Amino acid sequence: MNLIDAAKEQIGTLLNEAYERCAADGTLPGGCPLGGTVEIPKDVVFGDYASSAAMAAARRMRMAPRKIADALTARLDLAGTYFESVSVAGAGFINFRLGAKWYGDVIRCVESEGESYGCSDAGGGERVMVEFVSANPTGPMHMGNARGGVLGDTLANVLAKAGYDVWREFYVNDAGNQIHKFATSIYARAMQEKFGEEKYAFPEDGYHGEDIRELARGFLETAPTFPEGKSEEEWQEDMARFGLERNIPRMKSDLKKYGIEYDQWFYESGLHSSGYVAETVEILAKNGWTYEREGALWLKTAELLRRKYISEGKTPEEAEKLDLKDDVLRRANGFYTYFAADIAYHRDKIEKRGFSKVINVWGADHHGHVARLQAAVDGLGLEGSKRIVIVLMQLVNLLQNGEPVRMSKRTGKAIALADLLDEISVDAARFYFNNRASTSPLDFDLDLAVRQDSENPVYYVQYAHARICNLISMLASEGQAVKPAGEVDLTLLTDDTETALIKQLSAYPEEIKLAARDLDPSRVNKYLVELSAKFHRFYNACRIKGARADIADARLKLADAVRSVLENALGVLGVSAPERM
RNA sequence: GCGCCUGUAGCUCAGCUGGAUAGAGUGCGCGGCUACGAACCGUGAGACCGGGGGUUCGAGUCCCUUCAGGCGUACCA
C-alpha cells in the first residue's frame with residue numbers, strides 16, 4: 001500500500017466535495033472542475049501536503065486564487081480523514097496537515113507487508129528483458145563493465161519490485177571480426193612464445209593485453225606439436241575456441257562474485273549458424289529496405305531514420321537537415337556485420353521470444369547506434385522505436401592518486417573487475433557504482449573506495465542498520481521486545497524527528513516506482529542515505545531506553561520499521577544489511 | 001557539420017510530471033558521550049542554478065539561442 005498516494009487521493013476527493021458544495025450554493029462558479037497537483041512541500045511549516053488547485057483554477061473561475069482557496073477550505077470536512085487541519089498560504093496553496101492515524105498506518109503497513117513493502121503493480125506484469133554488460137569475451141572485464149553490471153542488475157531488481165516480469169540476459173559476442181582478431185592475437189603470441197619475440201610480428205590492431213600471452217601459453221600446453229600439423233586458419237580456430245572456453249566462464253564467475261547472475265547467456269554465434277541473421281536480412285530486403293552497392297548489401301538506414309523522426313514529431317525539413325547515413329549489413333566478402341547480427345538478435349527478443357519491452361544497458365560511446373537499431377527493427381515491422389529502450393551509461397573515469405587511469409583492452413592497462421574485489425568489498429562496489437544516475441559520468445576513485453569509513457556512504461547506511469539491530473537485541477535482553485503494531489500506541493510518535501522519519505518510510509513505494517519509471521536505480525541509494533540520516537537524527541533526539549514504557553515501545557517499533565525498510569532497500573541494491581560491523 | 005550526454009556552494013552531487021525562502025555530503029569554523037554503538041548528531045559561513053531571450057499567476061525544472069566540457073558519427077564490435 002502506498003500511503004502517499006492514499007493521502008493525495010484523499011485530498012483530491014476532499015477538494016472535489018468541497019467544490020461541489022461551493023458550486024451548489026454559488027460561492028464559486030460551477031462547471032470548472034478543479035485541476036492542479038498535490039505535492040509535498042519542501043518546508044514542513046507549510047504543512048505535509050499542498051494543493052495548487054486554487055491557483056490552477058484562478059483563470060477559469062476568474063477569481064483570485066486565495067479567494068478560491070478560502071472558499072474551498074471553508075467547506076472542507078476533515079472528519080474521519082488522514083488530516084487534522086488545513087490552511088491557506090502564499091499565492092493560494094491549500095496546505096494539509098497529517099494526523100496521527102496516517103503515521104500509525106505507515107508503520108502498520110511496513111509491518112504487515114514486510115519484504116514486499118515497496119512492491120507495486122505499476123508494471124502490470126509486462127515482460128521485460130534487461131540486457132547488460134555483454135562484454136566482449138576477448139579479454140577481462142573492466143570498470144565500465146562493473147558499472148554496467150551493477151546498473152543492469154539493480155535496475156532489474158527495481159523493475160521486478162515495480163511489478164514487471166523481468167529477464168536478465170548477457171549477449172555473448174562470440175562471432176565476427178573481433179573474434180578473428182582475438183584468434184590472430186593468440187596465434188601471434190604463441191608463435192612468439194615458441195620462436196622468440198622478434199621472430200613474429202604482432203598484428204598492429206591485435207589485443208595487446210597480458211591475458212592474451214597467458215592464453216597462448218595455456219594453449220601451447222595443450223598443443224605440443226604447434227605449429228605443425230594444421231593450417232594457420234585451423235590453429236586459429238582452435239585458439240579462438242580455447243580462449244572463449246577460458247574467458248566466458250571467467251566472466252560468469254567474476255560477475256557472480258558481484259552477485260550478478262543471468263537468466264540466459266545468449267550466444268551471437270547461434271544467430272549465424274542457425275541462419276537467423278541471413279533470414280532477418282532477407283526480410284529487410286523483402287520489405288524494400290536494402291540495396292546493393294560495391295558488392296555489399298546496404299540498409300537504407302537514412303530513410304528509415306527519417307521516417308522514425310517524422311513519426312516522432314520532427315518536421316520533414318528538420319529531418320532533412322540531419323546527417324544520416326546508410327549501413328552495411330553484408331560485407332563484400334560475404335560476412336554479415338555486427339549491425340546485421342544485432343538486428344537479428346532484437347528480432348529474436350521481440351518476435352521470437354515475445355518480450356514487449358527490451359532494455360539494453362549500453363556505454364555512452366555506443367549512443368550513435370541507438371536510433372539506427374530502433375529504425376532497423378522498425379523496418380522489420382516490429383515497433384523497434386517503441387520496444388527497444390536503451391539506458392546509456394556514461395563511462396567510468398578511474399582515478400588513482402588523482403590521476404586518470406586509461407582503461408583499454410587493447411593496451412592491456414585495464415583494471416580487471418576481479419582485481420577490484422581484492423581491494424574493496426562487494427557491498428562497497430555495488431553501492432559506489434550505483435551512486436550516480438547513468439547519465440552522469442562516474443569518477444571511481446580507488447583511494448576513496450578502499451576506505452572503510454564514513455567517507456563511503458555505504459557504511460553510513462549499513463551503520464544505521466547495525467545500530468538498530470544492536471539496539472533491538474540489547475533491549476530484548478532486558479526484557480523489552482519489539483511488540484506487534486496492534487499492541488503499541490503509535491500516536492505517541494509526535495517529535496519532529498519521528499514524523500520526518502515516518503514520512504521517509506512512507507516514501508519508499510513511490511521511490512521504487514519512480515526508479516522504475518526513470519530506469520534510474522541510483523534513486524534507491526539516495527533514498528537509503530536519506531532514510532539513514534533521518535534515523536540517526538531521530539536516534540540522537542529520542543531516547544528509547546529509560547523513556548516512559550509506552551513511549552519506548554512506540555519508538556522501538558519505529559526503529560524496527562526502519563530496520564525492515566533498510567534491509568528491504570539494501571536488498572534491492574544487492575548490498576548486505578549487517579547486524580554488526 | 002550533424003547527433004547524444006553534462007554545466008547548481010571551494011570540491012562531489014540531489015532537486016519527482018513547473019510550485020512557496022534552491023538542498024545534502026565533503027572541506028573549513030564552533031559545539032555535543034559519568035546516557036540505547038561518536039562509523040553518530042547539532043550549528044555557522046559558503047550559490048546572481050554557465051550566459052541571454054521566451055512561455056505564465058510562478059522557471060534550476062519547459063521552449064529558443066549562445067558558451068564550455070565529454071562522447072559519437074567505419075564494409076570495427
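User: Which helices and strands each supply at least two residues of the surface near RNA strand B?

Analyst: This is a predicted model, where local features need pLDDT of at least 70, side-chain atom pairs count only at pLDDT 80 or more, and totals for chains, interfaces and linings use all residues. Residues are numbered from 1 along each chain as its sequence is written, while chains are lettered from A and ligands numbered from 1 in the order in which they are written. Helices (H or I, at least four residues) and strands (E, at least two) are DSSP runs, numbered from the N terminus. The elements are helix 2 (53-61), strand 4 (93-98), helix 6 (177-195), helix 19 (457-477) and helix 22.

User: Is Gly 546 buried or exposed?

Analyst: Gly 546 sits in the loop between helix 22 (522-541) and helix 23 (549-573). Buried takes 20 or more other C-beta atoms within 10 Å of the residue's own, exposed 12 or fewer, and partly exposed lies in between; C-beta atoms are placed from the backbone. Gly 546 has 6 such neighbours, so it counts as exposed.

User: How far apart in space are Gly 546 and Phe 93, C-alpha to C-alpha?

Analyst: In sequence, Gly 546 and Phe 93 are 453 residues apart. In space, C-alpha to C-alpha, the separation is 42 Å.
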